[in-house]
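Visitor: Hi! I'm new to looking at proteins, and I'd like to go through one with you. Could you bring it up?

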Amino acid sequence: MFSGIIKSLGVVYAIHTKGSTKRITIVSSISDSLHTDQSVAHDGVCLTVVAANEGTHEVEVVLETCSKTTFGFVRKDQVLNLETSVTPSTLLDGHIVQGHTDTLLQCLDIRDMQGSWMMRFSLPQEYAALVIPQGAICINGVSLTIARLERDAFEVAIIPYTFANTNLKLLHPGTYVNIEFDVIGKYLLRQRSL
């Protein structure tokens, strides 16, 4: 489990494909502290560390994950948001994040608000019930709050610290991002549909 508070940025150093599985080597400031079998969120996707060496760690991404996340089109030198899992003593500063991407959504617009940024994302009707005003949403692993909600889009406000310390600063209109909707909302919607 995660909280959506990014601990470090990582850079994709190498990608090796064997069959339908991608083995990705990542360089980051936290790689030295990681160990094999550890769960780490990479752009909001929970992946298992399969090797950790000096300054790098490796993860394997299977076809199922590639088909549902931005790892389907991951590239060398791509910057990733990294978060280690929470522990019983960790402050839950964001919200409960599982590291299970629900869908990919497209960035529609980014506005510089002279001290913050407003980012607008598409919202297909099939996911509309999972987004509420001032509710939580996880974008590329970052815990954010819905600032504005429209029929087919939503906006989030990005503070300068988050902009500087995550890969959200690299987004542009047309970019796809990993989205995880609030797990409580997903369970409530599931109960309502039964």
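Visitor: Let me start with one residue. Is Arg111 buried, partly exposed or exposed?
Guide: Arg111 is partly exposed, as its relative accessible area is 29%. Do keep in mind that this is a predicted model.

Visitor: Okay! Which residue does the side chain of Arg111 meet in a salt bridge?
Guide: That would be Asp109, with 3.8 Å from N to O. Asp109 is partly exposed too, at a relative accessible area of 27%.

Visitor: Why would side chains pair up like that?
Guide: Side chains can pair when they carry opposite charge and their charged atoms come close.

Visitor: Which residues are linked with Asp109 and Arg111 in a network of salt bridges?
Guide: Arg148 and Glu155 are, and together the four form the network.

Visitor: How many salt bridges does the structure hold?
Guide: There are 10. One of them joins the side chains of Glu150 and Arg120, at 2.7 Å from N to O. Glu150 sits in the loop between strand E10 (142-149) and strand E11 (153-158), while Arg120 belongs to strand E8 (residues 117-122), so this pair ties together parts that are 30 residues apart in sequence.

Visitor: What about helices? Where do Glu64 and Lys68 lie?
Guide: Both are in helix H1, four residues apart, which is about one turn of the helix. Glu64 has 49% relative accessibility and counts as partly exposed, and Lys68 counts as partly exposed at 43%.

Visitor: Let's zoom out. How many helices and strands does the protein have?
Guide: Three helices and 12 strands. The radius of gyration is 16 Å, close to the 16 Å that the globule rule gives for 194 residues, so the protein is as compact as a globular protein of that length.

Visitor: What does the C-alpha trace span along its principal axes?
Guide: About 45 × 45 × 35 Å. The accessible surface of the protein comes to about 10,000 Å², and carbon and sulfur atoms account for 54% of that.

Visitor: What share of the residues is buried?
Guide: Of the 194 residues, 46% are buried. Contacts are worth a look as well: if you take those with a separation of 6 or more, 69% are between residues 24 or more positions apart.

Visitor: Are Cys107 and Cys138 buried or exposed?
Guide: Cys107 is buried, with a relative accessible area of 1%. Cys138 is buried as well, with a relative accessible area of 1%.

Visitor: Back to the surface. Which residues form a nonpolar patch there?
Guide: Met1, Leu92 and Ile96 do, and together they have about 270 Å² of accessible area. Leu92 is in the loop between strand E6 (79-84) and strand E7 (103-112). With 44% relative accessibility, Leu92 counts as partly exposed.

Visitor: One more thing: which phi does Asp37 have?
Guide: A positive one, about 80 degrees, although Asp37 is not a glycine. You'll find Asp37 in the loop between strand E2 (21-28) and strand E3 (39-42). Asp37 is exposed, with a relative accessible area of 63%.

Visitor: And what about Asp77?
Guide: Asp77 also has a positive phi, about 75 degrees, and is not a glycine. Its place is the loop between helix H1 (63-68) and E6. At a relative accessible area of 52%, Asp77 is exposed.

Terms used: Residues numbered from 1 in each chain as written. Predicted model: local features only at pLDDT ≥ 70, side-chain atom pairs only at ≥ 80, totals over all residues. Heavy atoms only, no water. Patch = residues over 30% accessible without salt bridge, like charges linked within 9 Å, V, L, I, M, F, W, Y side chains within 5 Å. Areas by Shrake-Rupley, 256 points an atom, 1.4 Å probe, with all protein chains shown as cover. Helix = DSSP H or I, 4+ residues; strand = E, 2+ residues; numbered from the N terminus. Buried < 20%, exposed > 50% of the residue type's maximum accessible area, 1.4 Å probe, protein only. Rg over C-alpha atoms; globule rule 2.2 N^0.38 Å. Contact = heavy atoms within 4.5 Å.
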